[in-house]
Amino acid sequence: MKNIKLIVGLANPIIKYNKTRHNVGSWFVQNLARFYNQILRKNKKFLGYTGFFFSNFKKKVYLFIPNVFMNINARSIMLFSKFYQIALNEILVVHDELDLNPGKVRLKLGFGHNGHNGIRNIIDMFPEKSSFLRIQIGIGRPHQKEKVSDFVLSSPFPEEKFLIEKSICNAINMVHSLINS
């Protein structure tokens, strides 16, 4: 994790979709920014919200939330990473995960998308085809498979939101430990 230079929280446009399950990645980055007493600012050049913090090793770690739709987020991530010369394997991507129950978190190094359109777009758009690190935050899965789109674009129930927020806190502690060890 010491080579992580950029942490991206996948999301749909913040204003309209902020409270939906699909924006769990942005919830993580917003909370991580608060953890490090940083403010995310809207950045038109990169089509998203940006910030940064310094690790205990005085290394700058950028924070980014694309403010475009999930299935085209790689465009804004590429703009950011090209400007700061950050390779795909130096990016930590945080996103919602249907195959994990709310409250569960998984750190994953790999290259598959498992049906996640935001991850699929990153894999398709980045020229380097290398593994990259992800934090998957569980949101659970709807009972009816055909309802996935409605499910991810709706707000979690209060008990689910509590578990998701708890998992975000655990993931922040994990990232803090990994970046600073």
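1. Leaving out residues up to four places away in sequence, His116 touches Leu10, His22, Met70, His95 and Asp96, where contact means heavy atoms within 4.5 Å. The model is predicted, so local features need pLDDT of at least 70 and side-chain atom pairs count only at pLDDT 80 or more, while totals for chains, interfaces and linings use all residues. Residues are numbered from 1 along each chain as its sequence is written, and side-chain values use heavy atoms, with hydrogens and water left out.

2. His116 is found in the loop between β6 (105–110) and α4 (117–125); helices (H or I, at least four residues) and strands (E, at least two) are DSSP runs, numbered from the N terminus. With a relative accessible area of 9%, His116 is buried, a term that stands for under 20% relative accessible area with a 1.4 Å probe and protein chains only. The side chains of His116 and Asp96 are joined by a polar contact of 3.0 Å (a pair of N or O atoms within 3.5 Å; within protein, one must be able to donate a hydrogen and the other to accept it, and residues adjacent in sequence count only if both atoms are side-chain atoms).

3. The open sheet consists of seven strands in the order β2-β3-β4-β1-β5-β7-β6, with mixed pairing; two strands pair if DSSP finds at least two bridges between them. Its edge strands, each pairing on one side only, are β2 (41–43) and β6. β6 pairs with strand β7 (residues 132–138) in the antiparallel sense over six bridges, and Lys108 stands opposite Arg134 in β7.

4. Helix α3 (residues 73–83) packs on the sheet, where it touches β1 (6–9), β3 (48–54), β4 (60–66) and β5 (91–97), and its direction makes about 155° with that of β4; axes are lines fitted to C-alpha atoms, for helices over the stretch in contact, and angles run from 0 to 180 degrees between N-to-C directions. Helix α6 (residues 158–180) also packs on the sheet, touching β1, β3, β4, β5, β6 and β7, and its direction makes about 155° with that of β7.

5. The largest nonpolar core has 32 residues, of which Ile7 and Phe28 touch the most other members (such a core is a set of buried Ala, Val, Leu, Ile, Met, Phe, Trp, Tyr and Cys residues joined through side-chain atoms within 4.5 Å). Apart from this core lies another, of 20 residues, among them Tyr62, Ala74, Met78 and Ile119.

How values were computed:
Buried means under 20% relative accessible area, exposed over 50%, partly exposed in between (1.4 Å probe, protein chains only).
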